Amino acid sequence: AECIDTTKPFQVAVSFPVGAEERLEAMEVVLSQAGRSCPLHMRIADYAGMAELSRALAAGMTPVISYWSADDMTWMDGQ
């Protein structure tokens with residue numbers, strides 16, 4: 001709550017750095033907000049499916065992230 005006020009707009013930046021042989025090394029996420037001086041950084045480098053994800057990205061997969069919100073999310077489970 002000190003760095004990001006989720007009741008106000010904030011920015012999300014995601015990167016997929018690759019190393020030698022074009023293999024995915026990590027997934028990096030940065031959350032930032034205008035007027036706040038402490039962006040949040042996260043790096044996931046030890047994901048068990050990194051090799052599989054590398055192949056999917058190399059084959060042309062485009063990562064898409066979507067945010068959904070509702071008072072009752074059971075519709076997402078088919079209820």
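**Getting to know the links in this model**

Visitor: Where is the place of Phe10?
Guide: This is a predicted model, in which local features need pLDDT of at least 70, side-chain atom pairs count only at pLDDT 80 or more, and totals for chains, interfaces and linings use all residues. Residues are numbered from 1 along each chain as its sequence is written, and side-chain values use heavy atoms, leaving out hydrogens and water. Strands are DSSP runs (E, at least two residues), numbered from the N terminus. Phe10 has its place in the segment before strand S1 (11-15).

Visitor: How many residues apart in sequence are the parts that Cys3 and Cys38 tie together?
Guide: Cys3 and Cys38 form a disulfide (a pair of cysteine sulfur atoms within 2.5 Å), with their sulfur atoms 2.3 Å apart. Cys3 lies in the segment before S1 and Cys38 in the loop between strand S2 (27-32) and strand S3 (40-44), so the pair ties together parts separated in sequence by 35 residues.

Visitor: Does Asp5 count as buried or exposed?
Guide: Buried means under 20% relative accessible area, exposed over 50%, and partly exposed in between (1.4 Å probe, protein chains only). Because its relative accessibility is 17%, Asp5 counts as buried.

Conventions. Helix = DSSP H or I, 4+ residues; strand = E, 2+ residues; numbered from the N terminus.
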